[in-house]
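Trainee: I have a new model open here. Walk me through it, please.

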Amino acid sequence: ALGVETMALAGFGRTGLSPARLRSFVITEELGDSISLEDYCADWPRHPPPPRLKWALIERLARVSHRLHANGVNHRDYYLCHFLLRRPWDGDPASLRLPLIDLHRVQLRRRTPERWRVKDIGSLWFSAMQIGLTRRDRLRFIRAYGEGEHVKSIFVILALLLGTAAALAAIFAKRFDIKLAASIASIAAS
């Protein structure tokens, strides 16, 4: 009901009563002609895509991320490989189909804690570091993700994505939240 495309459940099963010995499985409908976003973007450093195609993907990933986090969902394995690009796709944002898969570690709450928002986005960024994204591309993601919510998280994500964690930590220490400044500083140190 979040408007995030994923797999359609076809069936499931389980055996065992004790949670320690419970075994389960799910069966989903086939997604058809798809490629993981990790594989789709792998050649971008040598053969950059048309800008509008790249922007459509960045903005969709940011909006999906925002929608999940704004509704109390964090993925915990949030990497490019867990988004499948449905083909054919001509680069038009309106026809983009990008199901999110591997939901077995998802956590559901009333509100996604800042820590988990930052971890999800940090994981997504880690998986995208080698595909040739520019500083402007990262800012495009931040702008699309932000949309007025999670203001503190946006600053932490900004620090993470732009590599300016030490500078932002200093700004936060002087003006805003000492605790948040400490978390930004720990990101800078790692």
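Mentor: Terms before anything else: helices (H or I, at least four residues) and strands (E, at least two) are DSSP runs, numbered from the N terminus. This is a predicted model, where local features need pLDDT of at least 70 and side-chain atom pairs count only at pLDDT 80 or more, while totals for chains, interfaces and linings use all residues. Residues are numbered from 1 along each chain as its sequence is written, and side-chain values use heavy atoms, with hydrogens and water left out.

Trainee: OK. Where is Pro88, then?

Mentor: Pro88 sits in the loop between strand 5 and strand 6, the latter being residues 107-108. The peptide bond joining Arg87 and Pro88 is cis, with omega about 0°.

Trainee: What about the phi of Asp102?

Mentor: Positive, about 55°, although Asp102 is not a glycine. Asp102 lies in the loop between strand 5 and strand 6. At 32% relative accessibility Asp102 counts as partly exposed; buried means under 20% relative accessible area, exposed over 50%, and partly exposed in between, using a 1.4 Å probe and protein chains only.

Trainee: And the phi of Arg76?

Mentor: Also a non-glycine with a positive phi, of about 80°. Arg76 is in the loop between strand 4 and strand 5, and is partly exposed at 27% relative accessible area.

Trainee: Asp77, buried or exposed?

Mentor: Buried, because its relative accessible area is 14%. Asp77 is found in the loop between strand 4 and strand 5.

Trainee: What is Asp77 in contact with, leaving aside neighbours within four places in sequence?

Mentor: His82, His104 and Arg105. Contact means heavy atoms within 4.5 Å.

Trainee: Switching to helix 2. How far apart are its end C-alpha atoms?

Mentor: They are 28 Å apart. Helix 2 has 20 residues (51-70), and at 1.5 Å a residue it should span 28 Å, so the two agree. The expected span is 1.5 Å times one less than the number of residues.

Trainee: Which residues of helix 2 are buried?

Mentor: Among them are Leu53, Leu57, Ile58, Leu61, Val64 and Leu68, along with Lys54, His66 and His69. The cover over the buried residues of helix 2 includes helix 1 (37-41), strand 4 (73-74), strand 5 (84-86), helix 3 and helix 4.

Trainee: What follows helix 2?

Mentor: Gly72, with a positive phi near 80°.

Trainee: Is Arg60 buried or partly exposed?

Mentor: Partly exposed, with a relative accessible area of 27%. Arg60 belongs to helix 2. Beyond its neighbours within four places in sequence, Arg60 is in contact with Pro93, Leu96 and Leu98. Arg60 and Phe141 are 81 residues apart in sequence, with their C-alpha atoms 8.8 Å apart in space.

Trainee: Last topic. At what angle do helix 3 and helix 4 cross?

Mentor: Roughly 150°, and the axes of helix 3 (residues 114-128) and helix 4 (residues 135-146) come within 13 Å. Axes are lines fitted to C-alpha atoms, for helices over the stretch in contact, and angles run from 0 to 180 degrees between N-to-C directions. Helix 3 and helix 4 are therefore roughly antiparallel to each other; the scheme takes angles under 35 degrees as roughly parallel, over 145 as roughly antiparallel, 65 to 115 as roughly perpendicular and the rest as oblique.

Trainee: Which residues of helix 3 meet helix 4?

Mentor: Arg117, Ile121, Leu124 and Trp125 in helix 3 meet Arg138, Phe141 and Tyr145 in helix 4.
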